[in-house]
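Colleague: I would like to learn how to read a model of a protein chain. Could we go through one together, feature by feature?

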Amino acid sequence: MNRRKFLAFLGSASVVTAAGVTTTATPAKAGVHTFPYYPESYGVLHDTTRCVGCRRCEQACNIVNKLPKPEKPFTDTSVCETRRRTSAKQWTVVNKYTMNGKPVFRKLQCFHCNDPACASACFAKCFTKQPDGSVQYDGTQCVGCRYCMIACPFYAPGFQYDEAWDPLVQKCTFCKPRLDKNELPGCVEACPMEALTFGRRTDLIKVARARIASNPEKYLDYIYGEHDAGGTAWMVLAPANPKGPKVPPENPALAGPELKQLGLDTHLGNQPMGELTYGALGAVPMIVSFWPVLFGGAWAMTKRREAMYKAEQEKTVREAREDVTAAVDAVVRKIQETEGDGAADRARKAMAEALKARDDAAAKHGEDA
Ligand code: SF4
Ligand code: SF4
Ligand code: SF4
């Protein structure tokens with residue numbers, strides 16, 4: 001998105017509508033999202049008891065998605081010792097954990113949530129839940145606010161910090177182009193241990209249950225992702241702790257300490273994350289009303305990186321600041337008209353604080369602040 005596109009976006013109907021939300025909508029319901037559940041959708045089951053940390057899945061992902069060459073070759077498995085996160089350049093990583101004194105490898109990528117928080121958080125509607133189970137990102141309208149990254153409970157999306165022009169969010173696509181051709185996801189096809197099983201999500205849950213039932217000494221009686229965060233297309237099976245308490249299905253909380261050792265967040269609950277995101281925002285109606293402008297402004301700040309020469313940079317910085325100031329003024333005026341001086345003052349203060357916080361965060365990432 002270039003500057004003109006950004007200005008057009010700020011002036012677009014969606015922003016104007018959003019600015020008017022406080023006057024017309026019931027705040028608590030302003031953004032509650034529900035996503036259709038597709039019973040025939042696909043998923044992947046990662047059986048960590050089979051995973052040997054060979055990184056073939058990482059390599060396949062890198063090749064099929066034409067991602068940049070990694071710093072260390074994929075044959076170097078020592079990198080698994082570090083708790084790596086996915087990024088714009090690495091859509092999947094395999095990390096080594098220690099569970100009850102034994103090494104266990106787990107593959108990280110987008111979980112393709114049933115109710116994706118990234119999609120709920122993105123006002124530009126860049127994310128969609130597809131009938132095949134994947135969550136797709138289309139960067140055409142992306143303003144680079146990275147609110148999806150904040151919202152994602154699995155820290156899956158990465159950002160192209162190195163891109164001077166139009167940096168985008170990047171994440172696992174579930175190899176959608178391959179799915180569309182009836183091919184397996186690259187990582188699944190490459191796994192030599194059959195640690196990754198592709199199939200209909202409903203079938204995968206049956207497969208997981210059967211494995212647990214036939215080998216209760218080996219498996220923790222818990223399918224991570226079946227219900228966590230409202231359910232995810234990608235799910236995880238973990239090893240059992242022979243000395244630990246058996247996890248009865250009616251008390252899955254007992255699986256918590258085991259899953260935590262595997263780096264899995266056990267506090268997400270079964271409520272869709274999108275509902276939580278919007279619920280929190282709905283409690284602060286003014287935020288719902290001005291967040292497009294706020295994060296549009298954040299985008300403008302990011303775009304200062306576009307300036308390649310000093311003089312041009314100074315001009316771009318000045319223009320970006322003018323854009324943000326004008327946008328903030330417009331929203332404050334709107335709030336003043338509809339809700340009075342007090343609300344307008346609070347909105348201006350909140351926006352100034354949020355933009356400062358965003359600037360501080362950007363500075364940490366080495367962006368121009
Ligand atoms: S290719 Fe399979 S066994 Fe190897 S690290 Fe990936 S998931 Fe584990
Ligand atoms: S894991 Fe994160 S990025 Fe992937 S669908 Fe869920 S919320 Fe979105
Ligand atoms: S499904 Fe495709 S994009 Fe996602 S981690 Fe596997 S290879 Fe990478």
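Modeller: We start with burial. A residue is buried if 20 or more other C-beta atoms lie within 10 Å of its own. This is a predicted model, and of the 369 residues of its chain, 40% count as buried.

Colleague: What is the mean pLDDT of the chain?

Modeller: pLDDT is the predictor's confidence in each residue, from 0 to 100. The chain has a mean pLDDT of 78, and 69% of its residues reach 70 or more. Over residues 1-33 the pLDDT is below 50, and that stretch has 53 contacts in the model beyond near neighbours in sequence. At the other end, residues 365-369 also have pLDDT under 50, with 9 contacts beyond four places in sequence.

Colleague: How many helices and strands does the chain have?

Modeller: The secondary structure comes to 14 helices and 10 strands. Among contacts with a separation of 6 or more, 67% are between residues 24 or more positions apart.

Colleague: Which strands form the open sheet, and in what order?

Modeller: Strands of a sheet pair through backbone hydrogen bonds, either parallel or antiparallel. Here 4 strands form an open sheet in the order E8-E1-E10-E9, with mixed pairing. Strand E8 (196-200) and strand E9 (219-224) stand at the edges with a single partner strand each, so one side of each is left without a neighbour in the sheet. From one strand to the next, the twist averages 20 degrees.

Colleague: Which helix packs on the sheet?

Modeller: Helix H9, residues 201-214, packs there and touches strand E1 (42-47), E8, E9 and E10. The direction of H9 makes about 130 degrees with that of E8.

Colleague: How many bridges join E9 to E10?

Modeller: There are 3 bridges between E9 and strand E10 (residues 234-239), and the two run antiparallel. As one place to look, Tyr-219 stands opposite Pro-239 in E10.

Colleague: Then how do E2 and E3 run, parallel or antiparallel?

Modeller: E2 and E3 run antiparallel and are joined by 7 bridges. Val-93 has Leu-108 in E3 as its bridge partner, and Val-94 has Lys-107 in E3. The two strands form a hairpin with 2 residues between them, where Asn-100 takes a positive phi near 50 degrees.

Colleague: How many residues of E3 are buried?

Modeller: For E3 the count is 5 of 7, so the strand is largely enclosed by the rest of the structure.

Colleague: Can we apply the burial rule to a single residue? Is Ala-119 buried or exposed?

Modeller: Ala-119 has 23 other C-beta atoms within 10 Å, so Ala-119 is buried. Its place is in helix H5, residues 117-121. Ala-119 and Tyr-137 are 18 residues apart in sequence, and their C-alpha atoms are 8.8 Å apart in space.

Colleague: Which residues of H4 are buried?

Modeller: In H4 they are Arg-56, Cys-57, Glu-58, Ala-60, Cys-61 and Asn-62. What covers these buried residues includes strand E2 (93-99), strand E3 (102-108), H8 and E8. Just after H4, Lys-66 takes a positive phi of about 50 degrees.

Colleague: Now the ligands. Which residues come nearest to ligand 1?

Modeller: A shell is read by listing its residues and then sorting them by class. Ligand 1 has 15 residues around it, and Cys-51, Cys-54, Arg-56, Cys-57 and Cys-191 come nearest. H4 and E3 each supply at least two residues of this shell. By class, the shell around ligand 1 divides into 11 nonpolar, 1 polar and 3 charged residues.

Colleague: How many residues surround ligand 2?

Modeller: Ligand 2 is surrounded by 13 residues, of which Cys-110, Cys-113, Pro-116, Cys-118 and Cys-152 are the closest. The shell around ligand 2 holds 11 nonpolar, 1 polar and 1 charged.

Colleague: And which element gives the most to the shell around ligand 3?

Modeller: H4 gives the most, with 3 residues. The elements that give two or more residues to this shell are helix H4 (56-64) and helix H8 (186-190). In total 14 residues surround ligand 3, and the closest are Cys-61, Cys-172, Cys-175, Pro-185 and Cys-187. The classes here are 9 nonpolar, 5 polar and no charged residues.

Methods: Residues numbered from 1 in each chain as written. Chains lettered and ligands numbered in written order. Predicted model: local features only at pLDDT ≥ 70, side-chain atom pairs only at ≥ 80, totals over all residues. Near = placed C-beta within 6 Å. Nonpolar A, V, L, I, M, F, W, Y, C, P; charged D, E, K, R; others polar. Pairing = 2+ DSSP bridges. Axes fitted to C-alpha atoms, helices over the stretch in contact; angles between N-to-C directions. Contact = placed C-beta atoms within 7 Å. Buried ≥ 20, exposed ≤ 12 C-beta atoms within 10 Å, placed from the backbone.
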